[in-house]
Amino acid sequence: MKVHQLNSTLVFGDAITNHTLEIDKVLRKWGFDTHIFAKSIDYKNLPASIDLDKHYKKYMQSEEDLLIYHYSVYCENINLYKDTNNLKIFEYHNITPQKYFQGYDENIWSICKQGREELRGLTACTLSMGDSEYNRQELIKNGFREDTSDVLPIFLHYDDYESVELNYNLYEKFDDGFVNILFVGRIAPNKKIEDLIKALYFYKKINTRSRLFIVGARFLDYYDKELNDFVNALGIKDVYFTNKVSLSDLKTYYELADIFLCMSEHEGFCVPLVESMYFKIPIIAYNSTAIPHTLEKSGILINQKKYIEIAELMNLIAEDEKLKSRIIAGQNKRLHYFDRDNVEKKLKTIIERAVS
Amino acid sequence: MMDGMYLDTFEIHDDEIDVEEIMRKIKDNIRMRKQKSGSSEGGSNEVCQQSDSAPCNAIPVNAKDIQKEFDQINSNWDIGNRTYAISSHRPILGRVLVKGRQTIKGEVGRYVDPMIDKQTEFNRSVVNILSEAYRSIGELNISKENAKDVKPILAAFENQIDQKLKELLGQIKAFVNAMNEEVENRAWLAGLLEKRINSSRAKLETSSGALDEGQGVNYFVFEERFRGSRADIKQRQAAFLQFFERCHAVLDIGSGRGEFLELMQEHGIGARGVDVDEDMVSYCRAKGLQVENIDAISYLERIEDKSVDGIFIDQVVEHLEPDYLIKMLSLCYQKLIYGGYILAETVNPLSFFSSVNFYIDMSHKKPIHPETLKFLLESAGFREIETRFFSPVPDDMRLRKIRAEDAGEEDRGLVEVYNHNIDMLNAILYGAQDYAAIGKK
């Protein structure tokens, strides 16, 4: 019995790619013969048996093998998933609703739309799973069977952060007593980057010695321009768009941060929340989509975007060590749920369910 | 206490954090800042600098002072003044004075000298002890200085040994844990695979047992052999999708290997199936399809009226006894919503080819004439009934006609008659293999 994983793309540094590689590593540890396939591969020094998806075809006839299909974007290889005779696990990582890309990128808009529309036609599987409860619920809404659905949290790469060095120049430059507010994520409209800027604008009225790091890849020219114009119109300083950064820089930004602020209105899981827990940064996040599921009872949820109050809350956290420690203690508890051992156990149960 | 605090703006789920208090502070701060906003903004960040003077309860004594004190003790310990000579500068009175003083000295000395001697003795002892102590302290200080150099080396050494031991222990532990984990994982995988093999074997035994007892065939294997691949069936059945577009609750009676259920799911049509064959049901469920192991009448009797919006019955009616079929169609009508389609496809008995093949399947009861099925649907209450023929016999298996151009001019008439007859024969012998009767409620 072989276990295959099929993805749309494998890209270095991408959370779903890392998750796929971790599943592969764990399955191999358990003694399975495994493969990973993808439509496109952009990854040097791949650590496992990986190939283009056309090579999966030769395994499709087997009713003994197991396929784990990762769905995060529309991809032609859904037909391989549909036609395979393998036992099938469908893992849903969510797809951003297309409305967020309207007017920004026609191509992304169309791919998101197609991806979400296809979902109803992908329900034929042995077991479905979301990487968050929110994603599992979305599967059920789209016709997947509830009794054969489950949740498998994303495997996180803490080891990478342990092994990489800080960027000391960067650290020294910004370790200057300013309150550093951090957001990590792609610069996309669903992430509501403009709302982060608004929050800083009001916080600066309380504490001028503060700054905002927006760490993530910029890929929508028009949205980028809008954000730059917005910062200029408000006339605030200390907003830093870093674009995509190295792992060393990312670690440094996490180490520098005093508060992790997330105003996003659509997240399927939100890895940076868990990373912030790991780096012991108090989290303030807007209560939307998967965010309350990932935080569970930790961090602080924003129910209404009242910026003056958000600014005051940031000020309280920055000044009140006791409050800050209490929030971090709650986050530490939640972090255990994402422990590698827990996720491995969960994966074991899921494989058992699918195979038995 | 409720599970977490839900206030207008924020939500915190921690019993030890008083969210109301936080909100009160936030509101107060906002009010305060608003009030201040009229005045200059400066001075909001007052820096409180505390003097860092350390408490000073003792006079500091340093080594130099001690040396000075010690020198003084050393030179003054002898309080007996033995060098003192009694004399006087007065030439005449001096003699008397000297004599008097000597007398007094002698008399006083008799009482005082022993005390001075004792005090001097005591002082000497004290100074000796102090000297010894001072010297010892000096030596101790030197040792201490030396020890200072050795201590870190020893500590580092101890640390190193400790570290090495810990590392070694860690390595042993990790090795043992890894071994345990490896054994556990292999055992788990073996268990999992064994379970899977046993379930396949059980299935096989069930089906072969059934064959031995003459109770039927393994229909799953049978379909694989004679009906065609799932892909072929799906391709053929795609023509039926048009009757179920935008449906949410289609019932597939005798769903078999689930080809049509899968097709419907792929097209976003909500559907479920029923089948009496346990293997088929297991197979469909493994593919994530909603199928129940139950016969059609029992299922239809159980569900609410007008709860399905389409009914699909493919290659089923020919397996049923007439009474069962009539009752089933009547229930289908009862359970279907108004405007919903029923589609029943079966073997076409008008074709000799398919009539012969009809008997390949031992579970077939009898073929049903299209007109009969049409009548039965009508009797159940369905309207707008039509029949459509599917699955033509491939041309290379049919009787061939003569091409008119291959015949001479004089034979054209004969060829025409011949070809007409061939058409008639082909229709009887090699007509469409299946037909579907389609009705609407």
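Helix H12 (residues 307-319) of chain A packs against helix H1 (residues 19-36) of chain B at an angle of about 110°, and their axes lie 9 Å apart. Axes here are lines fitted to C-alpha atoms, for helices over the stretch in contact, with angles running from 0 to 180 degrees between N-to-C directions. Helices (H or I, at least four residues) and strands (E, at least two) are DSSP runs, numbered from the N terminus. This is a predicted model, in which local features need pLDDT of at least 70 and side-chain atom pairs count only at pLDDT 80 or more, while totals for chains, interfaces and linings use all residues. Residues are numbered from 1 along each chain as its sequence is written, and chains are lettered from A and ligands numbered from 1 in the order in which they are written.

With that angle, H12(A) and H1(B) are roughly perpendicular to each other; angles under 35 degrees count as roughly parallel, over 145 as roughly antiparallel, 65 to 115 as roughly perpendicular and the rest as oblique. Their crossing is right-handed (a crossing is left-handed if the near helix is turned anticlockwise from the far one by less than a right angle, and right-handed if clockwise). On the H12(A) side, Ile308(A), Glu309(A), Glu312(A), Leu313(A) and Leu316(A) meet Ile22(B), Lys25(B), Ile26(B), Asn29(B) and Ile30(B) of H1(B). Contact means that the C-beta atoms of two residues, placed from the backbone, lie within 7 Å. An α-helix has 3.6 residues a turn, so residues three or four places apart point the same way.

The contact between the chains takes in 36 residues from chain A and 34 residues from chain B. On chain B, the elements giving two or more residues to the side that touches chain A are strand S2 (10-12), H1, helix H3 (93-212) and helix H6 (259-266). H3(B) gives the most to that side, with eight residues.

Within chain A, H12(A) also has a partner in helix H7 (residues 193-206), which packs against H12(A) at about 60° with the axes 8 Å apart. H7(A) and H12(A) are therefore oblique to each other, and H7(A) passes H12(A) in a right-handed crossing. Lys198(A), Ala199(A), Phe202(A), Tyr203(A) and Ile206(A) are the H7(A) residues involved, and those they meet in H12(A) include Tyr307(A), Ala311(A) and Met314(A). Ile308(A) and Glu312(A) meet residues of H7(A) and also meet residues of H1(B).

Chain A as a whole has 14 helices and 13 strands. Of its 356 residues, 47% count as buried (20 or more other C-beta atoms within 10 Å of a residue's own; exposed is 12 or fewer, and partly exposed lies in between, with C-beta atoms placed from the backbone). Among the contacts in chain A with a separation of 6 or more, 67% come from residues 24 or more positions apart.

An open sheet of seven strands in chain A runs in the order S3-S2-S1-S4-S5-S6-S7, with parallel pairing; two strands pair if DSSP finds at least two bridges between them. Strand S3 (50-52) and S7 of chain A are the edge strands, each pairing on one side only. From one strand to the next, the twist averages 25°. Strands S1 (residues 2-11) and S2 (residues 33-42) of chain A pair in the parallel sense over nine bridges, and Leu6(A) stands opposite Phe37(A) in S2(A).

Helix H4 (residues 133-141) of chain A lies across S5, S6 and S7 of chain A, at about 135° to S6(A). Tyr134(A), Asn135(A), Arg136(A), Glu138(A) and Leu139(A) of H4(A) are buried. The buried residues of this helix pack against strands S5 (87-92), S6 (127-130) and S7 (149-151) and helix H11 (291-295) of chain A. Just after H4(A), Gly143(A) takes a positive phi of about 100°.

Further along chain A, strands S9 (residues 210-215) and S10 (residues 239-243) pair in the parallel sense over four bridges, with Phe241(A) as the bridge partner of Ile214(A). The chain crosses from S9(A) to S10(A) through helix H8 (residues 221-234) of chain A in a right-handed β-α-β crossover: with the strands pointing away from the viewer, the path from the first strand over the helix to the second runs clockwise.

In chain B, strand S6 (residues 308-314) is mostly covered, with seven of its seven residues buried. Four bridges join S6(B) to strand S3 (residues 250-253) of chain B in parallel, and Asp252(B) stands opposite Phe312(B).
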